[in-house]
Every structure is written in structure tokens, then in C-alpha cells.
Amino acid sequence: MKKLFILLMAAGALAGQAQAQLMDGEPGTFTHQDTLRGSDGPARSWWDVTRYDITFQPNYIAKTIQGYTKISFKVKDTTHPDTMQIDLMAPLQIDSIVLSDGSRVSGIRNDGNAHMVPVPKWNAGDNNSLTVYYHGQPREAVKPPWDGGFIWAKDSLGRPWMTVACQGLGASVWYPCKDYQGDEPDNGASLTSIVPDTLLAIGNGHLIAKTRYPNHLTGYTWQVKNPINNYNIIPYIGKYTFFDSTFQGEKGKLPVSFWALDYDIEKMRSHCEPDVFKMLKAFEYWFGPYPFYEDGYKLVQAPHLGMEHQSAIAYGNHFLMGYKGRDLSGTGIGLKFDFIVVHESGHEWFGNNITSKDIADMWVHESFTNYSESLFTEYYWGKAEGQQYEYGIRENITNDKPIQGKYGVNQEGSGDMYYKGSNMINNIRGAINNDTLFREILRGLNKTFYHQTVTGKQIEQYINEKSGINFDKVYEQYLTTTQIPILELKFAKDNKSVEYRYTNCVKGFDMPMVLKGGGAQLSLHPTTEWQRRQLPDANSANLFNPIAIEYQYYLNCKEIH
């Protein structure tokens, strides 16, 4: 969740980087810093992060933090450069960097928010680590989670309440890391938050240590065993309490816990717990087993609306149904469930389990997760209501710019990746016309790309392969343009035949359709060229009702006289 309401393999990645670098220096386009931030450049590509161990201490009064991050990594290339890019956003400062042999690094060169660190020549396959010590006043979030950064809030009793939201902006806003979405720590991560002993600190995964420090401080160490994206590693600090439960799922017993401010814990129990268990049941049906059984599932009350922090979902919907008490579909259906519980948890499958290497492909996260709301609706209230919800959310589509962003420069596309992307997936489902196969594709995606970072092209090709239908032009149309395709219909005077074609679309647009109504259905494969179809009876003609077609597929349909 980044922007509600507005929001090829190696060759493809290299092409994206080249494009970004070509744009450097062109007025009004992208900068050198954009390329450093968004690409797997030469000071990043030779090493693979295997683990992060983060320790930090916030100062609530001064709004500063200090700490250190141990970055474990594996050397991938036999002839790697002698420079490693470590990212940390100003005004935070690196104090020192120490290698695993105890030697201190000298000659660090700052290039904006990227820090070029001289390192020895290691051999390919070597496992090594370094520790980065840092301090400063991190960028403060202005309107989290949309405008990210560190969050220094107060609860309703005026007590400190702290966390971070940094999707898109990047985890280097608060700790040193390789701030590239395509490289997750293969062996997980730990987070130790050292806080006043009047507060409690929560992190991802499970609590593995609680340490007392002088001056009434306590360190809470949380650990995830699974790969995790940088922006998902998040502390929550406040006057929390919790209760535990268990979900009996496809892989056995899943530990589930609920964390809320002390005065809200009963609201968490009565309001959130039912929807969490409904969500887990529905999404395991559609997407396969919850991807992080080893790390459990937590819902954590947060001082912002919500985020998909892996195994520790941020919740700030004020215990209301819908989206802050409103129905984003305008149908009334969205008030049957808590939007934040369902949407942000859906990201555990699409976003956290399957992660896009480049945020230009963030539609992989948001389009599928937005569609998960319709699938949740369908699971409990039937396919007709799921389709009604899906149709209703189209009102939020703006068609302001393409959904797919620019590669290699940390630029996401339009917020239409939510509602328009979701409707693209619904179009694809309608074209496949086999819900059993469609569900197998969703589950297959989560199994095939389990705990992986991917390109959008990989997801597209998987759907093509498993469905037996080439949807390349559908992806091109809905992800890279703002045009809404038009299906033109021209009926013969005797109403016994109809001609049809697509216009206002990319060259070669050829989305298949299965028209349904009145117990009948008809398969079509329109193109940009006129085709004629004989209509054996009046019922077949009814299938071409423009309003009914637009309800089934996101396009415009008009009759030509």
C-alpha cells in the first residue's frame, strides 16, 4: 500500500539501467542520484545480501537515532570492483564502518545518499560481513504512509508512539543497507530496538531476546527467518499489549498475534481478530499457504493508516469497516470488511512473498492485492458480489499516466496500479473463463516465485504459459498506456450478425472475451480489424449489450450505426 486513491530477466534489467543512465543530465528527467538509488549498479551487483542485523536506539525528545547495522553478504563475481555501495539518507551520517576482521574502513566517498566504501578483493563465493555505525536525525514522515520516513507520534494519552513507513522512499531513510528492492537478505534479519523500559518495542517475526540496559533502557530483539524486503523491516514502539492465537492452515499451525495500545486491545480483539481469520482462510484458498509460517502473522496497531510490513502488518484503520469507514467501491460491499486488514495482509502473498525487483513493476504488488479484495468478497458472499465490487472500484481510476514506471531510477507508475491493474486481472480472468485454472495460476505464482524477487515480465509470461493465452497486448495496453480500449459493435439490419473490432488501443490489441448472460455464453477474439459473427438467435444478440460487456470487462463498448 503506497498510494491509495490517486496509487525481462537480466536483459530487461540492464536495459532499464541503461535507459536511466542515458537520462542522467537531461532537464526534467532523472538524475545521477535516481540511478544510484534505483539500479543494480556496479557497486551493488557483485554482492548479495544474506542477512541484516540492525540495532538502534531512538531519542524521542530530540527526534534522533543512533545505532549500527551488520550487513552479511556473499561475493558473486570473481573480479568484483573494490567499492561497495552502502545507502544511508541524509541527514543521517555514517560514523564508521568495520570489516569482519576488525579493521576499520577508510576513504569512504559520499555520493549523495550513496556511500562508496573501499573493500578488499574477496573471492567469488566468499561469505563476509561489515558493520556500519551511524547516527543523526532521520527524515520525518509528513503524511505517512504516503510521504514516508520516521514517525514520532503520540497516543491519545500523550505517550510516545514511534514507527517507520518507507515503501518507495527506501529503508535507508533510517538504517544503512543495500537499498535495492531486488536484493533481499536470504537468511532473514534481526532488529533490536533499545527503548525506555516504560515502552515496548515490536519487530518482524518472533521476539528472541529481551535485554536490560542501564538508565532504565530495554532492548527487544526480533527476528525473521525468511527473506524480507528492506522496507518491511520496521520497529513499532509504544505502550503496547497483545494477545496470541493460532490459525490452523494449509501448512499446519500458524502463530497469530494481535498488538495494540493498552487501551485499545479489546477493540483489536473484537474488531480485527474475526477479519484476520476470515482473511487467512480466504487467501490460503486463493493464493496458497501463508508464505511465512516460520515467522508467524502479527497485526500491529500503528499511528498511520497501514502498511504491509512482513509478518507484522501495520494497522491504523481506527477499528472501522471499509477504508476509514468508507466503501471504496461505492456499492456498500466494502463496508462488510476492514479494508486495511484485508488489503495489507494480501500483500503477504503479492509484495512480500513475490516482490518486484524494481518499483516500476509495483503493479505486481498492488494490482493483485487490490484484486484480493474482490476475491475475499467472492469467497464469503459470492462471485456476483465480487464482480460488483470490482466494477465499483473503477470509479477511482484516473488514467493520469501509465501504471508501469521507468526502470532503474526508483520510479513507480500511476496509482492506477490499484484499481485499473485489478480490473486488468479481472479482464484476464474473464478471458481465461475457467475459475479453477485461474485459481491454480494464482496459487502457482506464489509457489513458483516463493520468496523471490521478480520482474513484471516474469509474472506476465507465467500467466501466458499457464493459461495458454498470449496476453502480451493486454499488458501493454493496460500497463503502458492511459487509453481505455473501445469495443465497437455494428449489427446487421436483420440483427442476425454482428461486426466487432477494438479501437483506441495499442497496435495488435487482441484481448479475448467470453460474453455471458441469460445462461448463455459466447467466445470472441476481437482484434483491431473488423470481424463478423453470425447470431443464431435473439439470445445471442443480447450478449452484445454494451452495458453488460462493460460490466464484465474494463473497456468502453459502443454500437456503431
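## The crossing of H5 and H7

In this predicted model, helices H5 and H7 cross in a right-handed sense. H5 covers residues 363-381 and H7 covers residues 419-432, and the two pack at an angle of about 65 degrees with their axes 8 Å apart. That angle makes H5 roughly perpendicular to H7, because angles of 65 to 115 degrees are counted in that class.

On the H5 side, the contact is made by Trp363, Ser367, Phe368, Asn370, Tyr371, Leu375 and Glu378, while H7 contributes Tyr419, Gly421, Ser422, Met424, Ile425, Asn426 and Arg429.

Leaving aside residues up to four places away in sequence, Tyr371 touches Glu390, Ser422, Ile425, Asn426, Arg429 and Phe438.

## Helix H7 and its end

How many of the 14 residues of H7 are buried? The count is 13 of the 14, so H7 is largely enclosed by the rest of the structure. The length of H7 can be checked as well: at 1.5 Å a residue, its 14 residues should span 20 Å, and the C-alpha atoms at its ends are 20 Å apart, which agrees with that expectation. Just after H7, Asn433 takes a positive phi of about 55 degrees.

## The crossing of H8 and H9

A further pair is formed by helix H8, residues 435-448, and helix H9, residues 456-467, whose axes come within 10 Å and cross at roughly 140 degrees. H8 and H9 are therefore oblique to each other, since an angle has to be over 145 degrees to count as roughly antiparallel. The crossing of H8 and H9 is right-handed, as is the crossing of H5 and H7.

The contact draws on Leu437, Ile441, Gly444, Leu445 and Thr448 of H8, together with Ile459, Tyr462, Ile463, Lys466 and Ser467 of H9. The residues of this contact between H8 and H9 divide into 6 nonpolar, 3 polar and 1 charged.

Definitions and conventions:
Residues numbered from 1 in each chain as written. Predicted model: local features only at pLDDT ≥ 70, side-chain atom pairs only at ≥ 80, totals over all residues. Heavy atoms only, no water. Axes fitted to C-alpha atoms, helices over the stretch in contact; angles between N-to-C directions. Helix = DSSP H or I, 4+ residues; strand = E, 2+ residues; numbered from the N terminus. Parallel < 35°, antiparallel > 145°, perpendicular 65-115°, else oblique. Left-handed = near helix turned anticlockwise from the far one by under 90°. Contact = heavy atoms within 4.5 Å. Nonpolar A, V, L, I, M, F, W, Y, C, P; charged D, E, K, R; others polar. Expected span 1.5 Å × (residues − 1). Buried < 20%, exposed > 50% of the residue type's maximum accessible area, 1.4 Å probe, protein only.
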